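Please consult the sequence and the model when following each answer.

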Amino acid sequence: MHRPHSLRPASLGLLGAGFTLACALPPASETATDSDTSTSTSEATTDVPTGTTAPTTTVEPTTSSTSTTTDGTTEPITSTTAETTTTGCAATCGDGTVECDEECDDGAANSDVVQGACRTDCAAARCGDSVVDYVAGEQCDDGNEGDGDGCSAACALEAPASCGDGLLDLDQGEACDDGNLDPGDGCTAACQLELLGATCGDGTVDMGELCDDNNLANGDECNPTCNLGNATSLFVGSPGILGLADGVGMDARISGTGGLAVDLDYLYLADAQNNCIRRIEIATATVETIAGSDVGMEGYVDDADGLNARFAGLDAIATDGKTLWVSDGMNHRLRAVSLTPPFAVTTVAGSGASGVDDGIGDAASFDDNRGLTYYAGAVYMVDASAGVLRRFDPATQEVVTLAGTAYTNDTIDGVGAEARFVSPRYMTSDNSGMLYIADTNGFHIRSFNTVTNFVGTFAGDGMAGYIDGIGTAASVHRPRGLTSDGTSLYFAEFNQNTIRQGILATQEVSTNAGQHCDGNMMCPGSYVEGVGLAARFNGPFALAFHPASDSLFVLDSANRVIRRLQ
C-alpha cells in the first residue's frame, strides 16, 4: 500500500515544483452538463564608519518570461539569471551556486510562485513574499509584513474580535470556534484550524489527533494526518431511493446531485433535481426544505418566503453563516438565501442571459456558473464552459473575472488572464488566501493565489488515470467536489467512486475510501458501509468538512444519500 509522507520537517522538504468505472451512469442532470514573479534591479549599500566608502552591489537581471513544466503547462518567471557584482565578489543568481550574499540558488528551480522555493532574486522563501509556505508553517501570506490586516507580520492568521465565543462567525474569517482560546485542541487562539499530522504515525493519539494507528497509510482506519477515521456511515436518505421528503435521517429523501455547504450547526444541500434548498441539522440529521418548491417545481421566482421562491438547475452553494449563495444554473443567475427564517430569496447578480460579462448586479452575466466558495468577504466561482474564475463582492454586487480567458480552454499556469482552465467545476478555500479548483476534464487540481492571481497546478498529470503520488506525479480522474480541513484537501472522484486526500504542505495525494478502477471509465459503483478501502460509493459528487464534529460529508449521488466519514 502506498504510504503518504508525514508532516515532520524532514519530509516537508519533499515538496515538488508543481503546485483518471460497468460505469455508474451519472444522474440525468450530470449527464446534461458534461459534454504564480517579478525581477528587479537593485542597489544595496552597507553601513560603514565615517570616511569609508561602502561597497555596492548591483544586479542586472536577464529573465525568462515563462517555462514549460513536465505536463506542458507554463509558469511565469520560474528562473532568473542575475549578474551580481560586489567588491571582491561576483555572483550569478540562477546558476545553481550559492555565492556572495545569496541566501540560496537552485538554478532553474528558483521560483516566485512555488511554496518553499528559492526565489528568483536568490533570497529564501519568507513571510511577505505572497506565497503561502505551508511547508514553513505559514497560515497566510498577504505580501506584506504588517499586522492588523488579517494576516500578521509572522504570516499567521489574526483572531477576529468574536473568536472564543463559541459561535462560528464565517463572515469574520473564523474557520472554527470551540468557545476557548486554548491551543492544541484543533482550533487555534485565532479561531483557525490547527495544522495536523506533525506526530501522526507514532502510535500515540496526541493532542489534536483523533486517531493514530502507528502508520501513515491512508485507506485504513486512520488517515495520514490523524484527524479522520475513514469509517463511513449513512447520514441522510435511503440507498437507491430518489425522492423529495423532509424527515430525520433515513426517512428523508433527496435527489443525489447538487452542492453542499456547512456552518456550525447545519449542513446545507442544493438539491439539484428537486430544485430546492435543504437544511440538515448535523446533531440530529433532521432535514428541512427552506427554499424552493417542496414538490420539485422549477422556475425563477424571488420571494420573501423561501418556499415561494423557484430555482432551476441548482449547483454549487457557499455560506458566510448568514447568507447562502446559490448558483442557479439554468437561470444563469447568482441567488442569495437569507439564513434567517422565512429564508428570503433574492437575485444578486446575473441578467438571465448566457454569457461571461463582468458588471454590477444584473449587468453581469453567467454561462455555466459553479464551484461557489466564500473567502474573506467575497464569493468566488468558476465557469465550467468558459473556463474562467470569477469573484462576486456582496457589498457592491460587482462580478469580475480574475483568471482565465473566456472560451479559450486549456491547461496553462499563469497570472490572471494568462492562465487557462479546461473545465473548472468545483472549488474550496483553506482560509489561507489560497483557493483550490477541480479542473474536472483537465484531470488536475489547480490552485489560485488570491493575492497574486496566480493559477498553479496542485496535483494531476493531465491524464485520465488513477495514481496516488506527489503533485503532478499523481493522476486524478475527473475530480469533483472539494473541501478542506486547513491541512489537506479532500476531493471526490465521481467516475472512480472514491474519496481522496491531498496534503497541502507536501502535495501528497492518497485515497481515503472507496475502490477505484485504475482510471477505467467502466467502473461500477455500489453501496457498502465500511472502513477506508472497504467502503463502496456510487458517484460521489459533493463534499463538506465539518470541523466541530470532525466529519467529512459526502453526497453519494447515484445512491441518493449523504454519507459521513469519521
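Buried means under 20% relative accessible area. The model discussed here is predicted.

Q: Is Trp325 buried or exposed?
A: The cut-off for a buried residue is under 20% relative accessible area. Trp325 has 5% relative accessibility, and therefore Trp325 counts as buried.

Q: How many aromatic pairs does a search of the whole structure find?
A: The search covers the whole structure. The number of aromatic pairs found is seven.

Q: How many residues apart are Trp325 and Tyr374, which form an aromatic pair?
A: The two rings are stacked, with 5.7 Å centre to centre and 5° between the planes. Trp325 belongs to strand β14 (residues 323-328) and Tyr374 to strand β18 (residues 369-375). The pair thus links distant parts of the chain, 49 residues apart.

Q: Which strand holds Phe541, the partner of Tyr426?
A: Tyr426 and Phe541 pair edge-to-face, at 6.2 Å centre to centre and 85° between the planes. Tyr426 lies in strand β23 (residues 424-429), so the pair ties together parts that are 115 residues apart in sequence. Phe541 lies within residues 540-546, which is strand β32.

Q: How far from the centre of the Tyr466 ring is the charged end of Arg500?
A: The charged end of Arg279 sits over the ring of Tyr266, 4.2 Å from its centre. Arg500 likewise places its charged end over the ring of Tyr466. For Arg500, the distance to the ring centre is 3.8 Å.

Note on methods:
Residues numbered from 1 in each chain as written. Predicted model: local features only at pLDDT ≥ 70, side-chain atom pairs only at ≥ 80, totals over all residues. Heavy atoms only, no water. Phe/Tyr/Trp six-rings, centres within 6.5 Å; stacked < 30°, edge-to-face > 60°. Helix = DSSP H or I, 4+ residues; strand = E, 2+ residues; numbered from the N terminus. Buried < 20%, exposed > 50% of the residue type's maximum accessible area, 1.4 Å probe, protein only. Lys NZ or Arg CZ within 6 Å of the ring centre and 35° of its normal.
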